[in-house]
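Here are a few notes to read alongside the model.

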Amino acid sequence: MDPIKLASLQNQINTLNIQLSNTQANSAKARIQNQLSYKLGQAMIENSKSILGYIRMPYVLSYIKDKHKQEQKIYQEKIKKDPSLKLPPLESYADYNEALKFKEHLSYKLGEALIKANNNWYGGGYIKLWFEIRRIKKEFKNKKA
């Protein structure tokens, strides 16, 4: 194969890879996976596999929350400067129905429960969280079986 054809094919591959990454980044699934509840739930699952993970979990969750707030602040500032950068509603994406399934994942449900408990910490939210996690895990196992 001559070098010109090889270079042309390589350029086409690079262009397709860029288009694919843009499509994946601008999908409803990617937006749901970028929500705070999904990120927190994912971190809870990853850190619950060892004792060291349980010890480290509050710090990891706090870090994720702070980083997410910072990302949201930057996004809001960008929108103020250029309103055309505002993301469309989730319903307008082609993969919206598929993305709704992500809201039923264990990680999303755990993250939602954690956020709810954090917002109601003074009313025993973290104690209720323990029971809520048990309920979510049981529900998830029943769906799987």
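**Notes on the model**

1. Let's begin with isoleucine 55, which sits in helix α4. Isoleucine 55 counts as exposed because its relative accessible area is 54% (exposed means over 50%, buried under 20%, and partly exposed in between, with a 1.4 Å probe and protein chains only). Together with Ile51 and Leu52, Ile55 makes a nonpolar patch on the surface, with about 360 Å² of accessible area in total. Patch members have over 30% relative accessible area and no salt bridge, with nonpolar side chains (Val, Leu, Ile, Met, Phe, Trp, Tyr) joined within 5 Å and like charges within 9 Å. A salt bridge here is a side-chain nitrogen of Lys or Arg within 4 Å of a carboxyl oxygen of Asp or Glu, and areas come from the Shrake-Rupley method with a 1.4 Å probe.

2. A word on what you are looking at: this is a predicted model, where local features need pLDDT of at least 70 and side-chain atom pairs count only at pLDDT 80 or more, while totals for chains, interfaces and linings use all residues. Residues are numbered from 1 along each chain as its sequence is written, and side-chain values use heavy atoms, leaving out hydrogens and water.

3. For the overall fold, the chain has 7 helices and 0 strands (DSSP runs of H or I with at least four residues, or of E with at least two, numbered from the N terminus). Of its 145 residues, 23% count as buried.

4. Which residues touch the most other members of the largest nonpolar core? They are Leu40, Met44, Leu61, Leu110, Leu114, Leu129 and Ile136, out of 13 residues in that core. Helices α3 (36-47), α4 (51-81), α6 (106-119) and α7 each supply at least two core residues, and α6 gives the largest share, with 5 residues. Such a core is a set of buried Ala, Val, Leu, Ile, Met, Phe, Trp, Tyr and Cys residues joined through side-chain atoms within 4.5 Å.

5. Leucine 129 belongs to helix α7 and is buried, because its relative accessible area is 10%. Leucine 129 and leucine 110 are 19 residues apart in sequence, and their C-alpha atoms are 9.2 Å apart in space.

6. Helix α7 (residues 125-144) also holds lysine 138. Lysine 138 has 59% relative accessibility, so this residue counts as exposed. On the surface, Lys138 gathers with Arg134, Lys137 and Lys141 in a patch of positive charge (Lys and Arg count as positive, with the charge placed at NZ of Lys and CZ of Arg).
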